[in-house]
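Good morning, and thank you for joining.

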Amino acid sequence: MTHTPSLPQTGNDITATHTPRPVIISALLVLVLLASMGLSLSLGSFPTSFDQVVHALAVPQGSDITFIVWELRLPRILLAVLVGSALAVAGAILQGIVRNPLASPDVIGITSGAAMAAVAFLALFGTGLSIHWLPASALLGALLAAALVFLLAWKGGMTPSRMVLVGIGLSAAMGAVTTLLIVVSDDTAAMVAYVWLTGSLYAAQWQDVLGMLPWLLAAVPLCLSQARHMDAMALGDQVAQGLGVNVLRSRLVLMACSVALAGAAVAFAGGLSFVGLIAPHIAARLVGRGFARLVPAAALIGALIVLYADLLGRVAFLPKDLPAGIFVSGVGAPFFVYLLHRTRYQNH
Amino acid sequence: MLNQRVSRIAGLLLGVVLVTAAFAASVMLGTTDIAPPTFVQALVHYDPARVAHIIIVTERLPRAVIAALVGASLAIAGALMQTMTRNPLASPGILGINAGAMFFVVIAVSLLPLHTPAEYVWAALLGALVAACLVVMLSRGRHGELSPLRVVLAGVAVTAMFVSFSQGLLIIDQQSFESVLYWLAGSVSGRELSIVVPLLPFFGGALLLCMLLVRHANALMLGDDIVKGLGMRAGTTKLLLGLVVILLAGSSVALAGMIGFVGLIVPHMARGLFGVDHRWLLPACALLGASLLLLADVASRFLMAPQDVPVGVMTALIGTPFFIYLARRKQV
């Protein structure tokens with residue numbers, strides 16, 4: 001791979017800094033997201049009208065609808081939004097660090113590390129230990145995987161492409177262990193593990209939302225604080241160093257943010273692949289590649305993707321409640337292939 | 001490295017001995033150990049009343065034959081892919097060919113009334129073709145060159161796509177859980193010998209085509225210009241070699257599911273021993289690939305005994321350290 005700096009791609013990108021376009025687009029996305037959340041709140045297996053939902057939200061008193069809205073739908077919707085944004089930001093960070101549009105938490109082994117740990121948890125403890133420890137073990141798996149990738153890719157320094165390749169190799173090994181665990185555990189546990197691996201928001205609770213929120217609140221501002229360094233690194237390591245950026249330290253901080261976000265998202269919602277891949281691409285096309293505007297837009301788009309995937313899974317195949325991951329990859333994968341085809345002549 | 005013609009021939013003969021030994025181990029070792037005389041007896045005078053004979057003929061023998069066939073095919077396919085892309089990390093597993101074939105097989109089995117490998121091998125071939133076209137299309141640069149990192153990433157993305165589609169299908173249609181898991185994990189067990197026979201023409205045809213193209217493959221390694229200079233067409237050569245890869249990988253997946261890393265590791269081992277000349281490299285790949293998969297299959301019986309571990313898990317565990325070694329060594 002060549003390390004020629006990728007210059008700003010179109011004239012639009014440069015002019016965009018002088019116009020409020022990114023701000024307007026992000027504001028529009030916020031509105032769309034809020035409207036979608038309202039839509040999702042009023043749809044479900046139990047028929048509710050929009051008025052009833054608004055009433056239940058405003059006056060939370062013990063009716064059935066209040067219970068459905070407050071305890072079943074709202075936490076699930078909020079978790080979808082949080083998980084989607086976390087995955088999208090994690091992807092945006094990784095694509096920036098690696099300077100490659102194909103990088104994502106899935107490709108680099110973070111997701112498979114979390115998945116392996118979670119499936120190991122299900123296979124080893126099964127029903128013995130409380131399911132609430134599952135996120136903790138998944139998060140631990142993600143961190144271990146990222147640390148291993150870093151360690152094995154270290155060779156007197158760090159090149160992004162070596163990190164990607166090592167991540168791919170490790171993912172394969174961890175995927176093999178996951179399969180092994182599924183094969184040796186009994187059928188029920190295996191199916192639970194499989195649904196979890198595909199990515200599902202089924203039975204999300206308030207404590208999941210509260211468990212997910214701190215990770216976003218900590219990691220997103222931290223990665224935004226590195227935005228200028230990230231933009232400098234996009235021009236190549238040497239250019240960034242010339243501009244006074246401590247490339248290794250910035251890369252480590254950003255990597256840590258990405259791992260924390262992806263790990264937490266996988267921990268609470270399972271392996272929702274392709275969100276981290278496609279959300280940053282869509283965001284970049286809307287607001288350009290400056291990291292500080294890319295992150296909020298990517299987060300909003302990731303939230304929208306997961307929200308609608310979950311909504312589809314909830315209401316489109318009633319009475320079945322299908323995992324959101326099926327729809328995310330069903331739409332995400334072909335879209336990703338299309339993106340790849342479009343960007344094929346760029347210098348990556 | 002074996003430079004002399006004599007030492008190379010000796011090396012290949014040793015390879016034959018290795019395959020034979022691995023084959024014997026595969027037939028004899030397992031939950032029930034079988035003595036060599038019993039094996040010979042079972043082949044010569046099959047007695048359906050004896051348990052050992054039934055185990056040999058319905059379980060062990062097909063398993064060993066499939067492992068040898070699939071191992072050899074994947075290794076040759078990997079070697080050809082590494083030559084064509086000039087990328088040491090290329091292989092049917094990494095570049096998504098296996099995943100494409102697997103997804104189409106899963107569709108054929110769960111949605112269409114196709115049940116034996118002879119029926120759905122066409123689906124596997126189509127899937128392999130689709131995946132190969134996708135990866136080539138996605139990783140080609142402006143001048144038709146394949147950027148090494150991009151080709152790997154495109155392969156991984158295509159693999160992720162097909163695997164997640166298969167998983168989705170699995171969750172919607174839980175009836176096919178067992179069988180889909182079989183293809184996802186890669187396994188050489190639970191097949192009968194009669195099922196393998198209709199697929200032999202595919203393997204045979206691919207090997208024949210491969211033999212005819214050995215010199216072209218050698219020229220390709222030196223660069224497209226050399227191919228042209230020798231009066232061959234680089235495009236046609238690549239297309240035909242691609243056809244060989246698709247036939248080998250597709251038929252392998254139809255028989256045994258997704259088995260990764262054999263196609264990646266074996267060509268490197270064979271190249272280290274026999275050099276880059278395809279006249280020696282490809283037979284060496286076939287012998288080493290067959291031995292590796294046979295031995296991995298034997299090991300998979302003991303890893304978590306008495307449970308059988310899918311052999312694809314075994315090859316991934318063996319192959320990953322090697323992949324990481326290659327990734328670290330490569331100047332990228």
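I shall cover the nonpolar core, two positions in chain A, the contact between the chains, and the database annotation. Please keep in mind throughout that this is a predicted model.

Let me begin with the core. The largest nonpolar core holds 244 residues, and the members that touch the most others are Val83(A) and Val105(B). The greatest contribution to this core comes from helix α4 of chain A, residues 64-98, which supplies 19 residues. As for Val105(B), its contacts beyond four places in sequence are Tyr120(B), Ala123(B), Ala124(B), Gly127(B), Trp183(B), Val253(B) and Ala254(B).

Phe121(A) belongs to helix α5, residues 110-125. Is Phe121(A) buried or exposed? Phe121(A) is buried, because it has 23 C-beta neighbours inside 10 Å, and the cut-off for that class is 20 or more. Setting aside residues up to four places away in sequence, Phe121(A) touches Trp133(A), Leu134(A) and Ser137(A).

Which residues does Ala138(A) contact, leaving aside neighbours within four places in sequence? They are Ala114(A), Ala117(A), Ala118(A), Gly263(A), Val266(A) and Ala267(A). Ala120(A), 18 residues from Ala138(A) in sequence, lies 9.3 Å away, C-alpha to C-alpha.

Next, the contact between the chains. Chain B contributes 43 residues and chain A contributes 42. On the side of chain B that touches chain A, the elements giving two or more residues are α5 (117-139), α6 (148-172), α7 (177-185) and α15 (311-329). Of these, α6(B) provides the largest share, with 17 residues. By residue class, that side of chain B comprises 30 nonpolar, 9 polar and 4 charged residues.

Finally, the annotation. An unreviewed UniProt entry lists several spans of chain B as "transmembrane region", including residues 192-214 and 239-266. In the model, residues 192-214 of chain B are 78% helix and 0% strand, and their end C-alpha atoms lie 33 Å apart. For residues 239-266 of chain B, the figures are 82% helix and 0% strand, with the end C-alpha atoms 23 Å apart.

How values were computed
Residues are numbered from 1 along each chain as its sequence is written. Chains are lettered from A and ligands numbered from 1 in the order in which they are written. This is a predicted model: local features need pLDDT of at least 70, side-chain atom pairs count only at pLDDT 80 or more; totals for chains, interfaces and linings use all residues. A nonpolar core is a set of buried Ala, Val, Leu, Ile, Met, Phe, Trp, Tyr and Cys residues joined through C-beta atoms within 7 Å. A residue is buried if 20 or more other C-beta atoms lie within 10 Å of its own, exposed if 12 or fewer, and partly exposed in between; C-beta atoms are placed from the backbone. Helices (H or I, at least four residues) and strands (E, at least two) are DSSP runs, numbered from the N terminus. Two residues are in contact if their C-beta atoms, placed from the backbone, lie within 7 Å. Ala, Val, Leu, Ile, Met, Phe, Trp, Tyr, Cys and Pro count as nonpolar, Asp, Glu, Lys and Arg as charged, and the others, Gly among them, as polar. UniProt positions are given in the numbering used here, feature names are shortened, and annotations may be inferred rather than shown by experiment.
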